[in-house]
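These are my notebook entries on a structure that I looked up today.

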Amino acid sequence: MDLHLAAIEHIRAQIIDLLIQFGPKLLTAILIIIAGVIVGGWVERWLLRALRRFELEPPLNQLISRVIRGLVLLLFVVMALQNLGVQLLPLIAGLGVAGAGVALAMQGVLSNIVAGLSIILTKPFRVGQYVQVAGVEGQVERISIFSTFLLHPDRSTVVIPNRKIVGEILHNYGHIRQVSVQVGVAYDTDIAAALQVIEGVVQSNPRVLKEVTPLIGVARLADSAVYINIQPWVGVTDYSAATNEITRATLEALRANHITVPVPQREVRLLTTPT
């Protein structure tokens, strides 16, 4: 029993000695780190306000501010470790070895970061524009360091890793898209009258952009119809609705003006040989 009490007393005495020896340094180190968190947050907020003047992309602003905040916090952590008497050179060497291993394990993540920076700096597209890339398409909702988010026409969200975008063929529609509707009329139709009717349909649609002249003309001569292309420009968000409205209104207008929209047909003649 006495031995147990002596051991407990010895441990208690060692703890008290350690607290007396390292307690003030540990408390100072904790206060230094807390100060680093506060100062880092203040520097990040100030830097974000300052970067807005340069009209940079939001992801780039966030990246720069967070990197600076991390460097400030790292500086305070180094000060805290020095206050505790930690040898920094062996620690830095160990972190270097560990960093190499982490870099090998995170090649995909790092390639996404590099690709994200390339997208942000070169600006092949911006938020709000409609793009087609890597086999998918949609309106750009957000560009981050790791991924790009597209709003698909079916209202779903498409997330593309940035490394899948850089180096691919990119079709950037911008903020407008060209509707493409094709309608066939009979060969005996007055083409000028048909074009006039279709032009009226296009001009009456409120979704069609007035500042861009729509393309309306004869596209091809098929077996049973003369096909006319209807290609006005509309806003990205109006593309599907405008396509449906123009298609329906064109059919109704042609019928109202007694212009035949023929159905595909084939004439077969049977020839009999004299016996």
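Where is the place of lysine 210? I worked on a predicted model, and in it I found lysine 210 in the loop between α5 (191-204) and β8 (215-221).

**Entry 1. Surroundings of lysine 210**

I then looked at the polar atoms. The side chain of lysine 210 reaches the backbone oxygen of glutamine 203 at 2.7 Å. A polar atom of that side chain also lies 3.4 Å from the backbone oxygen of asparagine 205.

**Entry 2. Salt bridges**

How many salt bridges does a search of the whole structure find? My search returned five. I noted three of these pairs in detail.

I recorded aspartate 238 with arginine 207, whose closest N and O atoms are 3.1 Å apart. Aspartate 238 sits in the loop between β10 (233-235) and α6 (239-256) and arginine 207 in the loop between α5 and β8, so this pair ties together parts 31 residues apart in sequence.

Arginine 207 also meets glutamate 245 in a salt bridge, at 3.0 Å from N to O. Because glutamate 245 belongs to helix α6 and arginine 207 to the loop between α5 and β8, the pair links parts 38 residues apart in sequence. I found arginine 207 partly exposed, at 28% relative accessible area, and glutamate 245 partly exposed, at 31%.

The side chains of arginine 248 and glutamate 252 form another salt bridge, at 3.0 Å from N to O. The two residues are four apart in helix α6, and therefore about one helical turn separates them. I noted arginine 248 as exposed, at 59%, and glutamate 252 as partly exposed, at 44%. Shared partners join Arg207, Asp238 and Glu245 into one network of salt bridges.

**Entry 3. Serine 65 and helix α2**

Is serine 65 buried or exposed? I read a relative accessible area of 1%, so serine 65 is buried. Serine 65 is part of helix α2 (residues 58-84). Beyond its neighbours within four places in sequence, I found serine 65 in contact with Glu44, Leu47 and Leu48. The buried residues of α2 include Pro59, Leu60, Val72 and Phe76.

I also checked the span of α2: its 27 residues reach 39 Å from first C-alpha to last, close to the expected 39 Å. Glycine 85 follows α2 and has a positive phi, near 85 degrees.

How values were computed: Residues numbered from 1 in each chain as written. Predicted model: local features only at pLDDT ≥ 70, side-chain atom pairs only at ≥ 80, totals over all residues. Heavy atoms only, no water. Buried < 20%, exposed > 50% of the residue type's maximum accessible area, 1.4 Å probe, protein only. Contact = heavy atoms within 4.5 Å. Polar contact = N/O pair within 3.5 Å; in protein donor to acceptor, adjacent residues only side chain to side chain. Expected span 1.5 Å × (residues − 1). Salt bridge = Lys/Arg side-chain N within 4 Å of Asp/Glu carboxyl O.
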